[in-house]
Amino acid sequence: MSNESKKTVTSYYGALTFGTEAMSERLPKEVFKALQETVKAGKKLPADIAGVVAHGMKEWAMENGATHYTHWFQPMTGSTAEKHDAFLTTQMDGTVIERFSGEQLIQGEPDASSFPSGGMRSTFEARGYTAWDPTSPAFLMKGGKGMTLCIPTVFISYHGEALDEKTPLLRSMSAVSNSAIKLLETLGVTGVTKVNTYAGPEQEYFLIDKKFYSQRPDLVMSGRTLLGALPPKGQQLEDHYFGSIPDRVLAFMQEVEEELYLLGIPAKTRHNEVAPHQFEIAP
(Lines give C-alpha, C1' and ligand atoms only; values in the text may rest on other atoms or scores of the structure.)
Protein backbone atom coordinates (compact mmCIF):
# COMPACT_ATOMS: atom_id res chain seq x y z
CA MET A 1 0.00 0.00 0.00
CA SER A 2 1.31 3.47 -0.84
CA ASN A 3 2.67 5.96 1.69
CA GLU A 4 -0.41 8.13 1.13
CA SER A 5 -2.65 5.41 2.56
CA LYS A 6 -0.65 5.41 5.81
CA LYS A 7 -1.71 9.01 6.46
CA THR A 8 -5.13 10.01 7.73
CA VAL A 9 -7.77 10.05 5.02
CA THR A 10 -8.44 13.75 5.56
CA SER A 11 -4.80 14.54 4.72
CA TYR A 12 -5.15 13.34 1.12
CA TYR A 13 -8.92 13.35 0.49
CA GLY A 14 -9.57 15.09 -2.84
CA ALA A 15 -5.84 15.55 -3.52
CA LEU A 16 -6.35 14.73 -7.21
CA THR A 17 -9.27 17.13 -7.71
CA PHE A 18 -9.28 20.82 -8.56
CA GLY A 19 -11.71 21.39 -5.73
CA THR A 20 -12.48 24.24 -3.37
CA GLU A 21 -9.09 24.19 -1.62
CA ALA A 22 -7.04 24.09 -4.84
CA MET A 23 -9.22 26.79 -6.41
CA SER A 24 -8.91 29.13 -3.44
CA GLU A 25 -5.11 28.83 -3.55
CA ARG A 26 -4.73 29.50 -7.29
CA LEU A 27 -7.60 31.78 -8.31
CA PRO A 28 -8.10 35.48 -7.53
CA LYS A 29 -10.72 36.03 -4.84
CA GLU A 30 -13.31 37.54 -7.18
CA VAL A 31 -12.89 34.74 -9.72
CA PHE A 32 -13.09 32.10 -6.99
CA LYS A 33 -16.25 33.72 -5.59
CA ALA A 34 -17.92 33.87 -9.02
CA LEU A 35 -17.10 30.22 -9.72
CA GLN A 36 -18.45 29.13 -6.33
CA GLU A 37 -21.70 31.02 -6.97
CA THR A 38 -22.06 29.08 -10.22
CA VAL A 39 -21.43 25.76 -8.50
CA LYS A 40 -23.53 26.34 -5.37
CA ALA A 41 -26.24 28.76 -6.47
CA GLY A 42 -26.53 27.91 -10.16
CA LYS A 43 -25.66 31.43 -11.32
CA LYS A 44 -24.41 31.97 -14.87
CA LEU A 45 -20.63 31.86 -15.11
CA PRO A 46 -19.15 35.13 -16.42
CA ALA A 47 -17.41 34.42 -19.72
CA ASP A 48 -14.46 36.67 -18.94
CA ILE A 49 -13.21 34.54 -16.04
CA ALA A 50 -12.80 31.32 -18.05
CA GLY A 51 -9.23 32.19 -19.05
CA VAL A 52 -8.23 32.84 -15.44
CA VAL A 53 -9.76 29.54 -14.29
CA ALA A 54 -8.08 27.68 -17.17
CA HIS A 55 -4.67 29.09 -16.25
CA GLY A 56 -5.05 28.19 -12.57
CA MET A 57 -6.29 24.71 -13.46
CA LYS A 58 -3.37 24.14 -15.86
CA GLU A 59 -0.77 25.29 -13.32
CA TRP A 60 -2.24 22.99 -10.65
CA ALA A 61 -2.34 20.05 -13.07
CA MET A 62 1.24 20.57 -14.25
CA GLU A 63 2.48 20.83 -10.66
CA ASN A 64 1.04 17.35 -10.16
CA GLY A 65 2.67 15.89 -13.27
CA ALA A 66 0.01 16.37 -15.96
CA THR A 67 1.08 17.02 -19.55
CA HIS A 68 -2.29 16.58 -21.31
CA TYR A 69 -5.93 17.46 -20.74
CA THR A 70 -9.16 15.88 -21.94
CA HIS A 71 -12.85 16.72 -22.03
CA TRP A 72 -14.21 13.70 -20.16
CA PHE A 73 -17.82 12.73 -20.91
CA GLN A 74 -20.29 9.84 -20.88
CA PRO A 75 -21.70 9.11 -24.35
CA MET A 76 -24.54 6.63 -24.77
CA THR A 77 -22.15 3.70 -25.07
CA GLY A 78 -22.22 2.61 -21.44
CA SER A 79 -18.67 3.85 -20.97
CA THR A 80 -16.70 7.10 -20.83
CA ALA A 81 -14.97 8.95 -23.66
CA GLU A 82 -11.85 11.09 -23.82
CA LYS A 83 -9.47 12.66 -26.35
CA HIS A 84 -6.14 13.82 -24.94
CA ASP A 85 -4.54 17.10 -26.05
CA ALA A 86 -1.16 18.32 -24.85
CA PHE A 87 -0.66 21.62 -23.07
CA LEU A 88 2.42 21.97 -25.28
CA THR A 89 1.89 24.53 -28.04
CA THR A 90 4.31 25.30 -30.89
CA GLN A 91 4.80 28.99 -31.65
CA MET A 92 5.57 30.63 -34.98
CA ASP A 93 9.31 30.80 -34.26
CA GLY A 94 9.47 27.07 -33.52
CA THR A 95 9.69 27.39 -29.75
CA VAL A 96 7.14 25.71 -27.51
CA ILE A 97 5.17 26.80 -24.45
CA GLU A 98 2.53 25.20 -22.23
CA ARG A 99 -0.83 26.82 -22.90
CA PHE A 100 -4.44 26.19 -21.92
CA SER A 101 -6.98 28.85 -22.85
CA GLY A 102 -10.47 29.62 -21.62
CA GLU A 103 -11.87 28.53 -24.99
CA GLN A 104 -10.18 25.14 -24.64
CA LEU A 105 -11.61 24.76 -21.15
CA ILE A 106 -15.18 25.70 -22.05
CA GLN A 107 -15.79 23.80 -25.29
CA GLY A 108 -14.52 20.99 -27.48
CA GLU A 109 -15.80 19.54 -30.75
CA PRO A 110 -15.36 15.76 -31.04
CA ASP A 111 -16.72 13.83 -34.02
CA ALA A 112 -20.24 12.92 -32.90
CA SER A 113 -20.98 10.62 -35.84
CA SER A 114 -19.14 7.75 -34.15
CA PHE A 115 -21.25 7.94 -30.98
CA PRO A 116 -24.85 6.68 -30.64
CA SER A 117 -27.55 9.33 -30.44
CA GLY A 118 -30.50 7.26 -29.27
CA GLY A 119 -32.11 7.58 -32.70
CA MET A 120 -32.47 11.36 -32.42
CA ARG A 121 -30.60 12.08 -35.63
CA SER A 122 -28.87 10.55 -38.63
CA THR A 123 -25.38 9.11 -38.32
CA PHE A 124 -23.92 11.51 -40.90
CA GLU A 125 -24.77 14.51 -38.71
CA ALA A 126 -21.30 14.57 -37.21
CA ARG A 127 -21.20 17.83 -35.30
CA GLY A 128 -21.22 17.49 -31.53
CA TYR A 129 -19.91 19.63 -28.71
CA THR A 130 -18.46 18.97 -25.30
CA ALA A 131 -19.12 21.77 -22.81
CA TRP A 132 -17.44 22.22 -19.43
CA ASP A 133 -19.61 21.37 -16.42
CA PRO A 134 -18.24 23.57 -13.60
CA THR A 135 -20.45 21.83 -11.02
CA SER A 136 -18.17 18.78 -11.21
CA PRO A 137 -14.52 19.37 -10.23
CA ALA A 138 -11.75 18.68 -12.72
CA PHE A 139 -9.54 15.81 -11.62
CA LEU A 140 -6.27 14.06 -12.42
CA MET A 141 -6.26 10.51 -13.75
CA LYS A 142 -3.18 8.41 -13.18
CA GLY A 143 -2.00 6.28 -16.08
CA GLY A 144 1.17 5.24 -17.84
CA LYS A 145 4.02 7.45 -16.67
CA GLY A 146 2.06 10.54 -15.70
CA MET A 147 -1.22 12.31 -15.11
CA THR A 148 -3.98 13.59 -17.38
CA LEU A 149 -6.23 16.52 -16.46
CA CYS A 150 -9.83 15.34 -16.89
CA ILE A 151 -12.44 18.07 -17.32
CA PRO A 152 -16.02 16.81 -16.74
CA THR A 153 -18.21 17.89 -19.64
CA VAL A 154 -21.60 17.34 -21.22
CA PHE A 155 -21.95 16.20 -24.82
CA ILE A 156 -24.67 17.80 -26.94
CA SER A 157 -25.60 18.32 -30.58
CA TYR A 158 -25.60 21.62 -32.47
CA HIS A 159 -29.31 22.04 -31.66
CA GLY A 160 -28.91 21.06 -28.01
CA GLU A 161 -30.05 17.42 -28.07
CA ALA A 162 -28.41 15.34 -25.35
CA LEU A 163 -25.86 12.90 -26.76
CA ASP A 164 -24.68 11.71 -23.36
CA GLU A 165 -25.85 10.39 -20.00
CA LYS A 166 -25.05 13.51 -17.97
CA THR A 167 -27.06 16.19 -19.78
CA PRO A 168 -30.45 14.58 -18.95
CA LEU A 169 -29.31 14.23 -15.33
CA LEU A 170 -28.39 17.92 -15.04
CA ARG A 171 -31.62 18.98 -16.75
CA SER A 172 -33.63 16.74 -14.41
CA MET A 173 -31.91 18.26 -11.38
CA SER A 174 -32.75 21.73 -12.69
CA ALA A 175 -36.40 20.77 -13.26
CA VAL A 176 -36.69 19.31 -9.74
CA SER A 177 -35.11 22.46 -8.30
CA ASN A 178 -37.52 24.77 -10.16
CA SER A 179 -40.56 22.74 -9.08
CA ALA A 180 -39.34 22.58 -5.47
CA ILE A 181 -38.88 26.36 -5.39
CA LYS A 182 -42.45 26.86 -6.63
CA LEU A 183 -43.73 24.46 -3.97
CA LEU A 184 -41.81 26.27 -1.24
CA GLU A 185 -43.20 29.62 -2.40
CA THR A 186 -46.71 28.16 -2.28
CA LEU A 187 -46.01 27.10 1.31
CA GLY A 188 -44.83 30.60 2.16
CA VAL A 189 -41.08 29.98 2.03
CA THR A 190 -39.52 32.74 -0.08
CA GLY A 191 -36.00 33.72 -1.06
CA VAL A 192 -34.92 30.21 -2.12
CA THR A 193 -32.94 30.31 -5.38
CA LYS A 194 -31.89 26.68 -5.73
CA VAL A 195 -32.76 23.27 -4.28
CA ASN A 196 -30.06 20.62 -4.49
CA THR A 197 -30.80 16.99 -5.30
CA TYR A 198 -28.78 14.24 -3.64
CA ALA A 199 -28.58 10.51 -4.30
CA GLY A 200 -26.69 7.80 -2.43
CA PRO A 201 -26.15 4.85 -4.75
CA GLU A 202 -25.14 1.45 -3.43
CA GLN A 203 -22.74 -0.45 -5.69
CA GLU A 204 -23.02 -4.22 -5.39
CA TYR A 205 -20.45 -6.29 -7.25
CA PHE A 206 -18.90 -9.74 -7.58
CA LEU A 207 -15.19 -10.54 -7.29
CA ILE A 208 -13.95 -13.41 -9.46
CA ASP A 209 -10.39 -14.62 -9.92
CA LYS A 210 -9.12 -13.61 -13.35
CA LYS A 211 -7.97 -17.16 -14.13
CA PHE A 212 -11.50 -18.47 -13.52
CA TYR A 213 -13.08 -15.54 -15.37
CA SER A 214 -11.01 -16.23 -18.51
CA GLN A 215 -12.29 -19.83 -18.53
CA ARG A 216 -15.92 -18.71 -18.71
CA PRO A 217 -16.97 -17.59 -22.23
CA ASP A 218 -20.31 -16.36 -20.87
CA LEU A 219 -18.62 -13.95 -18.44
CA VAL A 220 -16.07 -12.78 -21.01
CA MET A 221 -18.60 -12.14 -23.79
CA SER A 222 -21.71 -11.04 -21.90
CA GLY A 223 -20.48 -9.98 -18.47
CA ARG A 224 -22.95 -12.28 -16.72
CA THR A 225 -23.47 -15.93 -15.81
CA LEU A 226 -25.28 -17.91 -18.51
CA LEU A 227 -23.95 -21.37 -17.64
CA GLY A 228 -23.65 -23.36 -14.43
CA ALA A 229 -25.77 -24.29 -11.45
CA LEU A 230 -29.01 -22.50 -10.68
CA PRO A 231 -28.71 -19.77 -8.02
CA PRO A 232 -29.78 -20.75 -4.50
CA LYS A 233 -33.23 -19.71 -3.34
CA GLY A 234 -34.34 -18.54 0.06
CA GLN A 235 -31.77 -17.92 2.78
CA GLN A 236 -29.38 -20.83 2.29
CA LEU A 237 -26.37 -18.49 2.26
CA GLU A 238 -27.32 -16.17 5.10
CA ASP A 239 -23.97 -16.93 6.78
CA HIS A 240 -22.20 -14.89 4.08
CA TYR A 241 -24.30 -11.74 4.52
CA PHE A 242 -22.52 -9.29 6.86
CA GLY A 243 -19.94 -11.99 7.60
CA SER A 244 -16.24 -11.37 8.18
CA ILE A 245 -14.61 -9.91 5.07
CA PRO A 246 -11.77 -12.16 3.78
CA ASP A 247 -8.32 -10.56 3.96
CA ARG A 248 -7.79 -10.67 0.19
CA VAL A 249 -11.14 -9.00 -0.46
CA LEU A 250 -10.51 -6.42 2.26
CA ALA A 251 -7.18 -5.51 0.66
CA PHE A 252 -9.02 -4.94 -2.64
CA MET A 253 -11.63 -2.77 -0.91
CA GLN A 254 -8.95 -0.68 0.81
CA GLU A 255 -7.15 -0.09 -2.49
CA VAL A 256 -10.40 1.01 -4.16
CA GLU A 257 -11.24 3.31 -1.24
CA GLU A 258 -7.83 4.96 -1.41
CA GLU A 259 -8.30 5.78 -5.10
CA LEU A 260 -11.83 7.08 -4.43
CA TYR A 261 -10.63 9.30 -1.58
CA LEU A 262 -7.89 10.80 -3.76
CA LEU A 263 -10.63 11.80 -6.21
CA GLY A 264 -12.84 13.21 -3.45
CA ILE A 265 -15.43 10.44 -3.73
CA PRO A 266 -16.88 9.33 -0.37
CA ALA A 267 -16.96 5.64 0.49
CA LYS A 268 -18.57 5.03 3.87
CA THR A 269 -19.76 1.43 3.99
CA ARG A 270 -18.36 -1.95 2.88
CA HIS A 271 -19.65 -5.45 3.63
CA ASN A 272 -20.34 -8.97 2.37
CA GLU A 273 -23.57 -9.38 0.43
CA VAL A 274 -25.83 -12.46 0.29
CA ALA A 275 -24.42 -14.42 -2.65
CA PRO A 276 -20.95 -16.02 -2.70
CA HIS A 277 -18.27 -13.53 -3.81
CA GLN A 278 -20.82 -10.68 -3.72
CA PHE A 279 -19.92 -7.45 -1.91
CA GLU A 280 -21.12 -3.87 -1.53
CA ILE A 281 -19.67 -0.37 -1.30
CA ALA A 282 -21.79 2.68 -0.49
CA PRO A 283 -21.17 6.41 0.17
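**Cavity**

I started with the largest cavity, which holds about 40 Å³ of space. A cavity here is a set of points on a 1 Å grid over the protein atoms alone where a 1.4 Å probe fits but cannot get out; grid points are joined across faces, edges and corners, and the volume is the space filled by probe spheres set on the points. This is a predicted model, so local features need pLDDT of at least 70 and side-chain atom pairs count only at pLDDT 80 or more, while totals for chains, interfaces and linings use all residues. Residues are numbered from 1 along each chain as its sequence is written, and side-chain values use heavy atoms, with hydrogens and water left out.

How many cavities of 30 Å³ or more does the whole structure have? My search found 1. I listed the lining of the largest cavity (residues with an atom within 4 Å of a point): Phe-18, Met-23, Leu-35, Val-53, Met-57, Trp-132, Pro-134, Ser-136, Pro-137 and Ala-138.

**Core**

Val-53 and Met-57 turned up again in the largest nonpolar core, where they, Phe-100 and Leu-149 touch the most other members out of 36 residues. Such a core is a set of buried Ala, Val, Leu, Ile, Met, Phe, Trp, Tyr and Cys residues joined through side-chain atoms within 4.5 Å, and buried means under 20% relative accessible area, exposed over 50%, partly exposed in between (1.4 Å probe, protein chains only). Elements giving two or more residues include α2 (20-26), β8 (146-157) and α9 (247-262). The largest share, 5 residues, comes from α4.

Leaving out residues up to four places away in sequence, Phe-100 touches Ala-54, His-55, Met-57, Lys-58, Tyr-69, Phe-87, Leu-105, Leu-149 and Ile-151.

**Helix α4**

Helices (H or I, at least four residues) and strands (E, at least two) are DSSP runs, numbered from the N terminus. I get 14 residues for α4 and 20 Å from its first C-alpha to its last, close to the 20 Å expected at 1.5 Å a residue; the expected span is 1.5 Å times one less than the number of residues. Which residues of α4 are buried? I noted Ala-50, Val-53, Ala-54, Gly-56, Met-57, Lys-58, Trp-60 and Ala-61. After α4 comes Gly-65, with a positive phi near 95°.

**Gln-254**

I found Gln-254 in helix α9. Gln-254 counts as partly exposed because its relative accessibility is 30%.

**Whole chain**

I counted 9 helices and 11 strands, and 31% of the 283 residues are buried.

How values were computed
Contact = heavy atoms within 4.5 Å. 1 Å grid on protein atoms, 1.4 Å probe; cavity = no way out; pocket = protein on both sides within 12 Å on 5 of 7 lines; lining within 4 Å.
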